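User: I am new to this structure. Please take me through how its features get their labels.

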Amino acid sequence: MRKKLYLFSAVAMLSYSGWTTAVLAAQERFECTLTQRSNRGPVPEVIDVIVDRSRNTVQVQDVFTRQLFPEPIYATITTASPQKISVRWKLTGLSYKGSETAITGGIVDYKLSIRLDTLSASLSGVSREYYSRVFGEGRCGRVN
């Protein structure tokens, strides 16, 4: 009886560790650095992106989302293919300084596209206070 209990415990531990490894493998993390950015409106320099293919979700966080939420926020997936992932999110209530004046309570709609083969990133958006488009381009790195 004792041998069966030990064998069951060992199998359960191996199953659990394999399951957690599979779940972690389904999650991909990227750190995207935008080196070319517009100077009007809030354009982050660095965006952290967490892609969870098993749940079909994407979370993002940057300096502006962190202003409003302590944890990464969920973005809406607009494209998900082996070559590219595109997501959208909206922030309301931002405080930032643009080229003209300081804004409090700003609203910005973002769209981020990552080409998975080249790891290039492209950010576009609309800053409602400036009635202008914001943009950024750069590269992403995979984070373990």
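Analyst: What follows is a set of questions and answers on a predicted model.

User: How do you know that cysteine 32 and cysteine 140 form a disulfide?

Analyst: Look at the sulfur atoms. Those of cysteine 32 and cysteine 140 are 2.0 Å apart. The cut-off is within 2.5 Å. The pair therefore counts as a disulfide. The structure holds 1 disulfide.

User: What parts of the chain does the pair link?

Analyst: Distant ones. Cysteine 32 is in strand S1, residues 27-37. Cysteine 140 is in strand S8, residues 132-143.

User: Why is the disulfide of cysteine 32 and cysteine 140 called right-handed?

Analyst: The torsion about the S-S bond is about 100°, so the disulfide is right-handed.

User: Are cysteine 32 and cysteine 140 buried or exposed?

Analyst: Both cysteine 32 and cysteine 140 are buried.

User: Why is glycine 136 called buried?

Analyst: Glycine 136 has 1% relative accessibility. Buried means under 20%. Glycine 136 therefore counts as buried. This glycine is found in strand S8. Setting aside neighbours within four places in sequence, glycine 136 is in contact with residues including Leu34, Val43 and Leu123.

User: Why is asparagine 56 called exposed?

Analyst: Asparagine 56 has 55% relative accessibility. Exposed means over 50%. Asparagine 56 therefore counts as exposed. Asparagine 56 sits in the loop between S2 and S3.

User: What is noted about the phi of asparagine 56?

Analyst: The phi of asparagine 56 is positive, about 60°, although asparagine 56 is not a glycine. Most residues other than glycine have a negative phi.

User: Why is leucine 119 called buried?

Analyst: Leucine 119 has 18% relative accessibility. The limit for buried is under 20%. Leucine 119 therefore counts as buried. The place of leucine 119 is the loop between S6 and S7. Its phi is also positive, near 60°.

User: How many bridges join S5 to S6?

Analyst: 13 bridges join S5 to S6, and the two strands run antiparallel. Leucine 91 stands opposite valine 108 in S6.

User: What makes up the largest nonpolar core?

Analyst: The largest nonpolar core has 29 residues. Val49, Val60, Trp89, Tyr110 and Leu112 have the most contacts inside it. Strands S1 to S8 each supply at least two residues of this core. S5 gives the most, with 6 residues. In soluble globular proteins, nonpolar side chains tend to be buried together.

User: Which residues is valine 49 in contact with?

Analyst: Leaving aside neighbours within four places in sequence, valine 49 is in contact with several residues, among them Phe30, Cys32, Val60, Leu112 and Ile114. Cys32 is one of the two disulfide cysteines.

Note on methods:
Residues are numbered from 1 along each chain as its sequence is written. This is a predicted model: local features need pLDDT of at least 70, side-chain atom pairs count only at pLDDT 80 or more; totals for chains, interfaces and linings use all residues. Side-chain values use heavy atoms; hydrogens and water are left out. Helices (H or I, at least four residues) and strands (E, at least two) are DSSP runs, numbered from the N terminus. Buried means under 20% relative accessible area, exposed over 50%, partly exposed in between (1.4 Å probe, protein chains only). A nonpolar core is a set of buried Ala, Val, Leu, Ile, Met, Phe, Trp, Tyr and Cys residues joined through side-chain atoms within 4.5 Å. Contact means heavy atoms within 4.5 Å. Two strands pair if DSSP finds at least two bridges between them.
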